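Welcome! Take a moment to look over the sequence and the structure, and then let's walk through a few features together.

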Amino acid sequence: MKRIVIAVLVLLMAAPFAMAKDFGGAEIPDTVTIEGAKLTFNGAGIRKKLKFVKVYAAALFLENKSSDAEKILNADEPMMIRMVFIRGKITPQQLIDSWNESFTAITNNNTAPWQEQINKFNACFAVDTVEGQTYDMAYLPAKGLVVYLDGKEQATIPGKEFKNMVFSIWLGKGPMDGNMEDLKEDMLGK
């Protein structure tokens, strides 16, 4: 009987730690390693549409935790944003339209200098989403922004500036729509 009580207490004490990794059904690890760079979980939250439709969980991984969005955007060090889709059947066109809307806002309606990089990025989103599907957008200073779909490399886009554009979607001043402000705060661990 004593062993059962101890086992139950251990499980109850461990439950909050296990739940901290679950975001809307998406499991987010404490650390990830991308091409030799060990990154630590900084924060995560849920991207919602219309304030109640859960679309994906987004997590930020850094070498050193930070709640300073500007410092993160300016850093030239390995980092990653992971998107785990909670909702399936989002079409490539819906994703691309959303990215393009964000890039237009970030560049003050001047995407022309970035069009080649934007096209390469958008080409990574060529399939309908399914629940549990994972996109990683890892910045590696020697390579640039590397986009992975379920662990398989889709594209590498050189340059810190393009990483800044992509990460600004979540961490920039005034995220692209009001429903993302809470997600930004969550990713910053606030």
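Here is a short tour of the sheet, the aromatic rings and a charged side chain.

Please keep in mind that this is a predicted model. Our tour begins with an open sheet of seven strands, moves on to a search that finds 12 aromatic pairs in the whole structure, and ends with Lys163, whose charged end sits over the ring of Tyr139.

**The sheet**

- Strands of a sheet can pair in a parallel or an antiparallel way, through backbone hydrogen bonds.
- Here the pairing is antiparallel, and the seven strands follow the order S3-S4-S5-S6-S7-S8-S9.
- Which strands form the edges? They are S3 (31-34) and S9 (152-157), and each of them pairs on one side only.
- On average, neighbouring strands in this sheet are turned by 25 degrees against each other, if direction is ignored.

**Aromatic rings**

- Two numbers describe a pair of aromatic rings: the distance of the centres and the angle of the planes.
- Among the 12 aromatic pairs is that of Phe103 and Phe162, with ring centres 5.8 Å apart and planes at 40 degrees, so this pair counts as tilted.
- Phe103 belongs to helix H3 (residues 92-106) and Phe162 to helix H5, so their pairing ties together parts that are 59 residues apart in sequence.
- Are these two residues buried or exposed? Both Phe103 and Phe162 are buried.
- The rings of Phe121 and Phe125 also make a tilted pair, because their planes are at 55 degrees; their centres are 5.1 Å apart.
- Phe121 has 0% relative accessibility and so counts as buried.
- Phe125 is buried as well, with a relative accessible area of 1%.

**A lysine over two rings**

- The charged end of Lys163 sits 5.2 Å from the centre of the Tyr139 ring, over that ring.
- Lys163 also lies over the face of Phe167, at 5.7 Å from the ring centre.

Note on methods: Residues numbered from 1 in each chain as written. Predicted model: local features only at pLDDT ≥ 70, side-chain atom pairs only at ≥ 80, totals over all residues. Heavy atoms only, no water. Pairing = 2+ DSSP bridges. Helix = DSSP H or I, 4+ residues; strand = E, 2+ residues; numbered from the N terminus. Axes fitted to C-alpha atoms, helices over the stretch in contact; angles between N-to-C directions. Phe/Tyr/Trp six-rings, centres within 6.5 Å; stacked < 30°, edge-to-face > 60°. Buried < 20%, exposed > 50% of the residue type's maximum accessible area, 1.4 Å probe, protein only. Lys NZ or Arg CZ within 6 Å of the ring centre and 35° of its normal.
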